[in-house]
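The sequence and structure follow.

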Amino acid sequence: MKNLKNLLSLRSLRARIFIIILLVGIVPSVLMRYAILNSYEERTVQIRIATVQNQLMIVGNHLLSNHYFSSTKTNENVISAELQMISDLYEGRVVIVDSSLKVVKDTYGISEGKIMISEEVIRGLQGESMSHYDREHGYIEMTTPIVDSGSQAEGETIIAGVMVTSISNDAIVSTIEALNRQAMILQNLMLVGILAFAIILSTILTRPFNRITEAINEVKAGYSNKTIDVPDYAETVHIVEAFNQLLERMKALDASRQEFVANVSHELKTPMTSVKVLADSLLAQEDAPAELYREFMEDIVSEIDRENRIITDLLALVRLENKVQELNIVSLNINDLTELILKRLRPIARKRDVELVFESMRTVIAEVDEVKLTLIMTNLVENAIKYNKEHGWVKVELNADHQYFTFTVSDSGLGIPEDSLPHIYERFYRVDKSHSRDIGGTGLGLAIARSAVLLHRGSVTVSSVEGEGSSFTVKIPLNYIPETTA
Ligand code: ADP
């Protein structure tokens, strides 16, 4: 049903191929039939006119040699027989008019003795020979002057009379009709052949496209997860390649989503397991002292805090990546913001005896989202404090050119091993899982920071030497560039 509708609609490739083949096959054959029949008719009429006129000229000569237009005419019966033969042979009538416009002979015998004035006769008497084919009424008319060139002085001719002849073209018409009938039969046979050819060819030519649709539908319905292969045309290869790339991307997305869900479950389960182990061991002791309860409860609270942190970070990340939150861009003094963030983080640094230094080359005013930029800076500085040595230092530098401002956080900490560098922005990735967990890391901080930097159309780069320290540099445009819809 759908196929039929497709075929009837001109938007279908199959219908177009079908129509093109049909037109290319049929139109020339119809045109050829008309052209051949017409030229055949024209040629036959011309030949007939020439033959009849030839014979009439011979008769004309006979008329002259037998002095037909004078009273001393001879062999009148022979001439009448000749004229009768012509009119019988060509189913026509021959009328002879003399120079005084009088009809001297009519093979039908009805006009003899009458005067005949017509344009043809007058022009015939002036020496003009004419023919006219009246297709509609089915006859050919011709006027043949009877030229006497022998009896006069040299160079002069006398027109003794005119023969007005009309002959039937029935024979020609019936031949053409017979030919036409044959041509029609042939053409109908060809039509059937071309129709069958058009149906078969249009079906075969569009089959690869149907195969692509079928294969895509199979993937869509979930029967198949394989890449498609339809190598029939260059076009189908391109479509299929594009589809396969899309499929690969979807598979990769699906895999990363599954991995993320697995990671989230694992990360959320870890504190729960600890809480359960702590609670179970308390319950297992019949009369545990109050101090033990207190100690275990403190551990349980810290596990719950950890669970909370993971959930908060996850929510922040998901929101950033889904772009649910619109950016709230304001013009901001970045120096002031940095000072504020460092002031907030100073107690943590002091606890770990890490020195916090801020160096600024100039005052930087930029268009940013304050909350998200705070998130970026806090995460980087917090990491620099967390993954530092005792008595270490963290240096924050702020600089700008005419287009970007750069914000660099360097530390004297543990550094990041080279093979871990490409992974540090991945969600839940931690170089040293147990160490990170001990100091309260969720493995989401850098993923969050990177997402927020990208929202500002900026970049974040890192250089690090294991055991010596790391340096993270964030580069963000001074003027916010909104996303273009194009
Ligand atoms: P976390 O919450 O565990 O700190 P992040 O996404 O912020 O997670 O960082 C990922 C990992 O990268 C960390 O676990 C740590 O191993 C490493 N890392 C990040 N910043 C630094 C740094 N300044 N020095 C050394 N290692 C770092």
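A backbone N or O atom of Thr442 lies 2.9 Å from an oxygen atom of the ligand in this model.

| Residue (backbone atom) | Ligand atom | Distance |
|---|---|---|
| Val431 | oxygen | 3.2 Å |
| Thr442 | oxygen | 2.9 Å |
| Leu446 | oxygen | 2.8 Å |

The ligand taken alone exposes 520 Å², of which the protein buries 97%; these areas come from the Shrake-Rupley method with a 1.4 Å probe, and for residues only the protein chains shown count as cover.

The model is predicted: local features need pLDDT of at least 70 and side-chain atom pairs count only at pLDDT 80 or more, while totals for chains, interfaces and linings use all residues. Residues are numbered from 1 along each chain as its sequence is written, and side-chain values use heavy atoms, with hydrogens and water left out.

Around the ligand there are 20 residues, of which Asn383, Tyr387, Ser436, Thr442 and Leu446 come nearest; a residue counts as near if one of its heavy atoms lies within 4 Å. Helix 9 (370-386), helix 11 (445-455) and strand 12 (469-477) each supply at least two residues of this shell, and the largest share, three residues, comes from helix 9. Helices (H or I, at least four residues) and strands (E, at least two) are DSSP runs, numbered from the N terminus.

The largest nonpolar core has 50 residues, and Ile334, Leu373, Ile376 and Phe405 have the most contacts inside it. Apart from it lies another core, of 22 residues, among them Ile49, Leu56, Val59 and Tyr68. Such a core is a set of buried Ala, Val, Leu, Ile, Met, Phe, Trp, Tyr and Cys residues joined through side-chain atoms within 4.5 Å.

Ile140, in strand 4 (residues 139-148), is buried, with a relative accessible area of 0%. Buried means under 20% relative accessible area, exposed over 50%, and partly exposed in between (1.4 Å probe, protein chains only). By contrast, Ser70 is partly exposed at 32% and lies in the loop between helix 2 (13-65) and helix 3 (76-89). A polar atom of the Ser70 side chain lies 3.1 Å from the backbone oxygen of His67, and a polar contact of 3.0 Å joins the side chains of Ser70 and Thr72.

Conventions. Polar contact = N/O pair within 3.5 Å; in protein donor to acceptor, adjacent residues only side chain to side chain.
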